[in-house]
Amino acid sequence: MDPFLIIIIVLVLIIVCLIIYNLNIYKKIKSYSNINDRISNLNVLQDFLDTIGKDESVDNKLQIINDILIEKFSIKYSTIVVFNGAEYEIKATNVDEKHWDTMKNLHTEDLFKDSIETATPKYVTINGPDEKLNYQKSEMGRAKSAMFFPMYIDNIYIGYWIIESSMPHAFDNMDTSVLGVVRENIVAVLKTVSYQNTIENIYRIDKNTGLNSAEYLYGKGKRILDKYPQSSICMFNIVNIEEINEKFGRDIGTKIIVDTSNTIKKNISSQYIFVRYMGPKFAIAFSDVDIESVQDFVRGLKDDIENIKIAIEKKVGKKQVTVDVSPTTNFVLTTYYKGTGLESVTKKLEEYLDDCDKKESNINCI
């Protein structure tokens, strides 16, 4: 056989072997890459779960999660926008505030409407230095490429997550399946914190006293209390309010409630939580204070409240006499321990006030 031909055959065999070897190496690298992606995703998911458990407001949790995404995936800009039932609001972003109106109205852009309708991500980029992304307004030039991810809970569209880069074609080689998993994790977090969000925002301001309602105690109030190992919870009732309403009218009863509220406001620290619990019942949460320390203070409060006097002109027989109307109160105290059910604690206090003798006027610890 021709030696030259033998050399060519040997070279071809070597090349084929090298190709096969390189293909095997490529497969292994890709496999390792996939494993690393999975590990990264698990790490991100763990960070998400850790964030859910933090003693933070819903908005703070979502901002922390957004910061995690920016760091873990080396993203320039990341924005989470949610429809709250009335309007679209930015839940988390690192985009300058002057661009927020644009970022929370991307659902109105024709560019992204198909993405929302089909539940598929949308990738947009530019090719030339003088171009800009279609959704950008005249003042926006910071982003040169973007990926838009619509979000759904139980097939109901709830908003979107958008990532942006200042470089053109920045996401050409980005694995959308990985980001899809991240999007689902964001949705899972939104579902998980929805109850907390409801509790944090359901409270109302009482129009007569200006105090927060009891729901405030279970949302934002609880987060304040849980900064400390234990706190004291006080609840009291104006026990003679019905009698005052019957004898002198509801206007006087309302004034008694308002004067009681104002008396307490003047005497307690701003670090304590004071709410109108229900009707003539009020609750005070003394953060990081034990019951023994609270009792003397509460005794003073009780005296101050019961020294309130409203002078009423009343006809007795043929004479016009002045009658002083004052509230009578009944107090009950207990300890709240961090992380336990605050609603169970207040229910126990409420039941005590409801079940005790109607004329009881004391300071009790249970």
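The structure holds 10 salt bridges, a salt bridge being a side-chain nitrogen of Lys or Arg within 4 Å of a carboxyl oxygen of Asp or Glu. Side chains of opposite charge can pair when their charged atoms come close. This is a predicted model, so local features need pLDDT of at least 70 and side-chain atom pairs count only at pLDDT 80 or more, while totals for chains, interfaces and linings use all residues. Residues are numbered from 1 along each chain as its sequence is written, and side-chain values use heavy atoms, with hydrogens and water left out.

One of these pairs joins Lys91 to Glu89, with 3.0 Å between the closest N and O atoms. Lys91 counts as buried, at 13% relative accessibility, whereas Glu89 is partly exposed at 26%. Here buried means under 20% relative accessible area, exposed means over 50%, and partly exposed lies in between (1.4 Å probe, protein chains only).

Another pair sits in a helix. Lys247 bridges to Glu243, and their closest N and O atoms are 3.1 Å apart. Both belong to helix α7 (residues 241-248), and because they are 4 residues apart, about one helical turn separates them. An α-helix has 3.6 residues a turn, so residues three or four places apart point the same way. Glu243 is partly exposed, with a relative accessible area of 42%. As for the naming, helices (H or I, at least four residues) and strands (E, at least two) are DSSP runs, numbered from the N terminus.

Lys281 and Asp354 make a salt bridge too, the closest N and O atoms being 3.0 Å apart. This one ties together distant parts of the chain: Lys281 lies in strand β9 (residues 281-286) and Asp354 in helix α10 (residues 342-355), 73 residues apart. Lys281 is buried at 10% relative accessibility, but Asp354 is partly exposed at 35%.

Now for helix α2 (residues 58-72).

After α2 comes Ser74, in the loop between α2 and β1 (77-83). Ser74 isn't a glycine, yet its phi is positive, about 50°. Most residues other than glycine have a negative phi. Ser74 is exposed, at 67% relative accessibility. Asp154, also not a glycine, has a positive phi of about 55°. Asp154 is found in the loop between β4 (145-153) and β5 (156-165), and is exposed at 62%.
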